[in-house]
Amino acid sequence: MRRELHEDNRISWNDATKVHNSHKADQARFLREGGSTLFPEEIELLGDITGKTLLHLQCNAGQDTLSLARRGAVVTGVDISDEAIGFATQLAADTGIPGIFERSDVYDWLSTAVQQDRQFDVVFSSYGAVIWLSDLASWAAGIARILRPGGHFVLVEFHPVIGMLNDQWQVAYPYGGGDHLAFEHGIGDYVAWAGQSLAPSGYLEGVTNYENPYASHEFTWGLADVVNALVGTGLHLEVLVEYPYANGFPGVSGTVEGPGGRFAPPADRPRIPMMYGLRVRK
C-alpha cells in the first residue's frame, strides 16, 4: 500500500475538483428538481436500492451519491479529497437531500469501519476509481467485511484496455499487475474534455487551459486483477459485462459521442471494450 502516493493524489484531486465544478451550472437546483447524474448501467446493476444502506467509495464531489439517495438509498459517501467532501456536504445541504460524507483515504476508512462493525446493504464505486488503488487485496477484503450477508458490491469502471492507450491509439502503458505510473501534472480537466455529458445541470466554460500543478499516481489493474481480488474474499460473482463505449469519457482522441453521453471509437477503428460493470454478492 502506497500511502505517500495516496497523499499526493489527495492534493492533486483537491485542485482538480474545484476546476471540474467550475464547468457545472447550478448543481443544487438540478438535483432539487429531480435531476440525476447516474447512467443506466449503474442503475441496472444496483437494482432496487429503496431503503437500503449504501456506501459510495471514492464518491468524488457527491453528485452521484445524492442521485442514489434520490432513488431511495440511505447514503454514505467517502473520498480522499477535502475539496470533494466539502463540496458534497454543502451540496447535500443546498439540495435538502440527506447524505453523510466522510473524508478519508479509502483504506483508512475501511479499516476503521471494520473495527467499528459498520455494515452496509450495498457498496458502490464507479468511473475512474480503481486506478487510484495501490492494493487491491486490502480494498476487496474491506468491502467484503463491511457488506451485510446477502449484500452486494457494484463497480462500473473504465476498461483497463483504454488505460493502455495514448491519445494516438498506440499501446503506451502496461496492462494489469499493479504497476505504478506517475504523472507530473496530475489529474486533468476531464469535465472540459467530456462537456455536457458530465455536466447535465448545464455546461459552463469555467476555468480554461487548466494544468494541474500537483503530481498524481495511478496503478495498472487488469480486469482479472479486480475480479480475482473480489472473489478471493469469498464474494460471489453474479454479473460481469463489458461495454463497447464509455459513459462521459472520451478516453482517446477521435472517439465519437453518441446518445446518452456514450463515447465510442470512430467508424475506422475496431470495436474495443471501453467500460465494464460487475456485481458481487456476499
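**Ring pairs and salt bridges**

Author: The structure holds 10 aromatic pairs. The model is predicted: local features need pLDDT of at least 70, side-chain atom pairs count only at pLDDT 80 or more, and totals for chains, interfaces and linings use all residues. Residues are numbered from 1 along each chain as its sequence is written, and side-chain values use heavy atoms, with hydrogens and water left out.

Reader: Why is the pair of tyrosine 127 and phenylalanine 158 called tilted?

Author: Rings of Phe, Tyr and Trp (its six-membered ring) pair if their centres lie within 6.5 Å; planes under 30 degrees apart count as stacked, over 60 as edge-to-face and the rest as tilted. Here the centres are 5.5 Å apart and the planes stand at 50°, so the pair is tilted.

Reader: What makes this pair a tie between parts of the chain?

Author: Tyrosine 127 lies in the loop between strand 4 (120–126) and helix 7 (136–146), and phenylalanine 158 in strand 5 (residues 147–158), so the pair ties together parts 31 residues apart in sequence. Helices (H or I, at least four residues) and strands (E, at least two) are DSSP runs, numbered from the N terminus.

Reader: Is phenylalanine 158 buried or exposed?

Author: Buried means under 20% relative accessible area, exposed over 50%, and partly exposed in between (1.4 Å probe, protein chains only). Phenylalanine 158 has 19%, so the residue is buried. Tyrosine 127, with 17%, is buried as well.

Reader: Which pair do phenylalanine 158 and phenylalanine 249 form?

Author: They form a tilted aromatic pair, with 4.6 Å from centre to centre and 35° between the planes. Phenylalanine 249 sits in the loop between strand 9 (246–247) and strand 10 (256–257), 91 residues from phenylalanine 158. Ring pairs link Phe39, Tyr127, Phe158, Trp193 and Phe249 into a cluster.

Reader: How do you know that arginine 10 and glutamate 7 form a salt bridge?

Author: A salt bridge is a side-chain nitrogen of Lys or Arg within 4 Å of a carboxyl oxygen of Asp or Glu. The closest N and O atoms of arginine 10 and glutamate 7 are 2.5 Å apart. Both residues lie in helix 1 (residues 3–21), three residues apart, about one turn of the helix. Glu7 and Arg10 also belong to a network of salt bridges with Asp82 and Arg103. The structure holds 11 salt bridges.

Reader: Why does arginine 10 count as buried?

Author: Its relative accessibility is 18%, so arginine 10 counts as buried. Glutamate 7, at 34%, is partly exposed.
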